[in-house]
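Me: I've got a structure open and I'd like to learn how to read it, from the whole chain down to one residue. Can you take me through it?

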Amino acid sequence: MGTSYLIDFLEKKHVSTVKKAKHTYLTYHGLEEGYTYVLKEGIVKTSMILKDGREFNLSYINTTDIISLLRDEISAYTASPLNVRIESEDAIFYRIPRKTFWGYVNSDANLQDYVKDYYRIKLTQNIKSLQWMTMNGKKGAVCAFIYKLISIFGNHGATGILIDFPITNEDIANFCGISTRNSVNRIIHSLKEDKIIDIKNQRIFIYDVSYLQSFTI
């Protein structure tokens, strides 16, 4: 089921929205949260904090999506499972009290199907990301991550694909579970020397898509 049903449903319920500025946080991992959020406009990055204090990035989201739906559906407040940081100039979210949202879900069969699909898709995405990181080594993890960016930010041109969003090496390290940015620097340098990619103004240009894709199979 497409996101249009979810948006239409929330609009009919006159759900209020909140607007957040770039590099502010919507939620913090581990802090109590009383709302469910749905991204309406903008780009966000989700992450969690590991036991050693490092941040581990999970995903970029730039389409309408439920941002924080995990945990139980009974409590009015629950610990947020994720950091959610705004990466665009601003972002707009529908904000619904958790218990109200689950009341909507439990009384609407179509919304129940949407939520089931949400969990299924997120689980599949997380399993794939884990496979890419554990089976390919550091370089393979970076290549798989860059390939994944094509479906989120890719603009296709005559000579390659532009990832039209600024991505830092630190971000790449945090997405790939690599502890130091220097390791990513070396991998990126190698990919540039081999004419797989190029980087200008923190934007990645991909020349050899098939090479990157080989690490996702």
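Reply: Let's start with charge: the protein has 27 positive and 23 negative side chains, and the centres of the two sets lie 3 Å apart. Lys and Arg count as positive, Asp and Glu as negative, while His and the chain ends are left out; each charge is placed at NZ of Lys, CZ of Arg, CG of Asp or CD of Glu. Bear in mind that this is a predicted model, where local features need pLDDT of at least 70, side-chain atom pairs count only at pLDDT 80 or more, and totals for chains, interfaces and linings use all residues. Numbering runs from 1 along each chain as its sequence is written, and side-chain values use heavy atoms, with hydrogens and water left out.

Me: How many helices and strands does the protein have?

Reply: Helices (H or I, at least four residues) and strands (E, at least two) are DSSP runs, numbered from the N terminus. Here they come to six helices and 14 strands. The radius of gyration is 18 Å, close to the 17 Å that the globule rule gives for 217 residues, so the protein is as compact as a globular protein of that length. That radius is taken over C-alpha atoms, and the rule is 2.2 Å times the number of residues to the power 0.38.

Me: What share of the 217 residues counts as buried?

Reply: Buried means under 20% relative accessible area, exposed over 50%, and partly exposed in between, using a 1.4 Å probe and protein chains only. In this protein, 42% of the residues count as buried.

Me: And which residues of α4 are buried?

Reply: Helix α4 spans residues 169-176, and seven of its eight residues are buried: Asn169, Asp171, Ile172, Ala173, Asn174, Phe175 and Cys176. Their cover includes β5 (44-49), β6 (55-61), α3 (109-153) and α5 (181-193).

Me: Which residues does Asn169 touch?

Reply: A contact means heavy atoms within 4.5 Å. Leaving out residues up to four places away in sequence, Asn169 touches Arg181, Val184, Asn185 and Ile188. Asn169 counts as buried because its relative accessible area is 19%, under the 20% cut-off.

Me: What does the record say about residues 136-210?

Reply: An unreviewed UniProt entry annotates them as "domain: HTH crp-type"; such annotations may be inferred rather than shown by experiment, with positions in the numbering used here and feature names shortened. Over that stretch the chain is 55% helix and 19% strand, with its end C-alpha atoms 16 Å apart.
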